[in-house]
Amino acid sequence: MIVLYSSYLKAMLISTPKQDRREYLMGIYIRGIDERVEAFSSDGHRLSKWLITTTYQGEDFEFIIHRDAIEQALLAREHEVRLTPDGTLHTRISKITKLIDEPYPDIDKGVFSRISLEPNASDNPLINCHYLKDLYDIAKLLRTNRSPQFWPVNHPKDGVGPVVYTIEGVDDFIHIIMPMREDSSRKNKALKTIRNVAYIDFDN
């Protein structure tokens with residue numbers, strides 16, 4: 001079985017919407033391939049990645065576990081939840097299976113092929129303050145007393161791209177936030193343009 005730490009599951013749920021017309025986003029995508037097990041969650045504006053293990057020896061798998069199943073498993077208040085490659089979550093008192101039968105976007109091509117995890121001295125992006133609070137919540141869940149380290153990452157298409165955050169420089173968990181962007185089609189008297197949060201482009 002694969003060990004999933006409850007604190008990390010809670011951190012992943014921060015980026016998982018409770019309601020979304022794209023049902024595949026309403027869960028955590030987990031895949032096991034080439035000895036690595038990784039988890040991803042996103043609401044389209046934010047994305048979290050968790051490198052669960054690099055020593056997996058079983059058959060390759062991929063599925064999306066619905067957030068309802070994860071929340072139910074967390075109700076057991078155990079330090080860890082165990083996962084089998086069929087997508088079942090195991091606690092000491094229950095077995096929970098609720099998968100989302102939809103394909104997840106090609107996250108490698110759409111996101112990770114276009115970012116770098118090296119520090120980048122590009123211009124400071126404008127970040128929604130509510131998303132910055134997520135970083136504090138994640139750091140608290142992962143039991144760190146340090147402030148999250150972060151750096152901006154350029155988007156190769158238009159020069160404005162995601163901001164990658166790491167906790168204490170550890171690469172088993174990263175959190176990506178899309179910056180604000182100006183919408184020149186919507187104007188008001190107070191602001192020249194309305195600033196909206198950019199979306200993660202999964203398709204390109």
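I'll go from the overall figures to one strand, then to the salt bridges.

This is a predicted model, where local features need pLDDT of at least 70, side-chain atom pairs count only at pLDDT 80 or more, and totals for chains, interfaces and linings use all residues. Residues are numbered from 1 along each chain as its sequence is written, and side-chain values use heavy atoms, with hydrogens and water left out.

Overall figures. The protein has 4 helices and 13 strands. Those are DSSP runs, numbered from the N terminus: helices are H or I with at least four residues, strands E with at least two. Of the 204 residues, 51% count as buried. Buried means under 20% relative accessible area, exposed over 50%, and partly exposed lies in between, using a 1.4 Å probe and protein chains only. Take contacts, meaning heavy atoms within 4.5 Å. Among those with a separation of 6 or more, 60% join residues 24 or more positions apart.

Now strand β6, residues 80–83. Which residues sit on its covered face? Val 81 and Leu 83 do, while Glu 80 and Arg 82 are on the uncovered one. In general, side chains in a regular strand alternate between the two faces of the sheet.

β6 has pairing partners. Pairing takes at least two DSSP bridges between two strands. With β1, residues 2–5, β6 pairs antiparallel over 4 bridges. With β7, residues 89–90, the sense is also antiparallel, with 2 bridges. Look at Arg 82: Val 3 is a bridge partner, and so is His 90 in β7. β6 and β7 form a hairpin with 5 residues between them. In that turn, Gly 87 has a positive phi of about 95°.

Next, salt bridges: a side-chain nitrogen of Lys or Arg within 4 Å of a carboxyl oxygen of Asp or Glu. The whole structure has 12. Glu 80 is partly exposed at 23%, and Arg 82 is partly exposed at 33%.

Over to helix α2, residues 67–74. Glu 71 and Arg 67 meet there at 2.5 Å, N to O. Why one turn? They are 4 residues apart in the helix, so about one helical turn separates them. Arg 67 is buried at 6%; Glu 71 is partly exposed at 31%.

Last pair: Asp 134 and Arg 46, with closest N and O atoms 2.4 Å apart. Asp 134 is in helix α4 and Arg 46 in strand β4, 88 residues apart. Both residues are buried.
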